Amino acid sequence: MVATIYSLHNRKSSRIFNCQAFPNTRSATTLTPGQSILNVVQLADGGRKGVNLQWGLLPSWCKDRRIASHMINARRETLAKKPAFRSAFRKRCCLIPATGFYEWQQTPAGKQPHHIHRPDNSLFAFAGLWEHWERETESIYSCTIVTTAANPLMQPVHQRMSVIIAAQDYRSWLDKNTNQEDLHSILDRDGYRQLQLTPISTRVNNPAHNDPGILKAVSLAMDDMA
């Protein structure tokens, strides 16, 4: 996954995620790595807050900020072992709200983009991790999206998929006291049962096209998919 999308109404969204506050968030058809994206984090008092974080994790110990461009996703299989994600997985899990995301399927006619979303385009949440990086006068809060092996819905399109957290697991996922065994169990649950894949125009391949028109469904010939 190289892009996520959402169209948010802050008051409604803060109710969905039971947040004390949400930042001013622009509606966007496409958000790409390196940009600021909305996250839901748990506060020290147990409450939740919506915050805008840089998409591309920057570990606190990192000396080279450029590493963030390689940290937009975190593999579920190595979260507890890889130094870049190990600490965040223990105590800095977050939710990343979205109404859908894009994935590209390799076909004889080229890469075909798909929009993965709920039929009513309602909000869901990706599993995320966040970090705070600080050097002298610079302070950066960043995040990454957890991925796992594709389920049957996604396998025809890509071998990996972003993990979606079910609403009933929000509390446990955000709670820093949840043990890693339970966190892994949450990641193993299938949050794609209410989602569908819609083929869309290759206009989405150009980041300059950031309008609702890029989500319009297109018809595919069987020969294109063979």
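**Salt bridges and the exposure of their partners**

At 53% relative accessibility, D188 counts as exposed. In this predicted model, the side chain of D188 meets that of R76 in a salt bridge, with an N to O distance of 2.9 Å. D188 belongs to helix α4 (residues 180–188), whereas R76 sits in the loop between β5 (73–75) and α2 (83–91), so the contact ties together parts that are 112 residues apart in sequence. R76 is buried, its relative accessible area being 13%.

Another is formed by the side chains of R92 and E131, at 3.0 Å from N to O. This pair links distant parts of the chain, 39 residues apart: R92 is placed in the loop between α2 and β6 (93–98), and E131 in strand β9 (residues 124–135). R92 has a relative accessible area of 15% and is buried; E131, at 4% relative accessibility, counts as buried. Both values fall under the 20% cut-off for buried residues.

A further salt bridge joins R66 to D64, the closest N and O atoms lying 3.1 Å apart. R66 counts as exposed, with a relative accessibility of 65%. For D64, the corresponding value is 34%, and this residue therefore counts as partly exposed.

Definitions and conventions: Residues numbered from 1 in each chain as written. Predicted model: local features only at pLDDT ≥ 70, side-chain atom pairs only at ≥ 80, totals over all residues. Heavy atoms only, no water. Salt bridge = Lys/Arg side-chain N within 4 Å of Asp/Glu carboxyl O. Buried < 20%, exposed > 50% of the residue type's maximum accessible area, 1.4 Å probe, protein only. Helix = DSSP H or I, 4+ residues; strand = E, 2+ residues; numbered from the N terminus.
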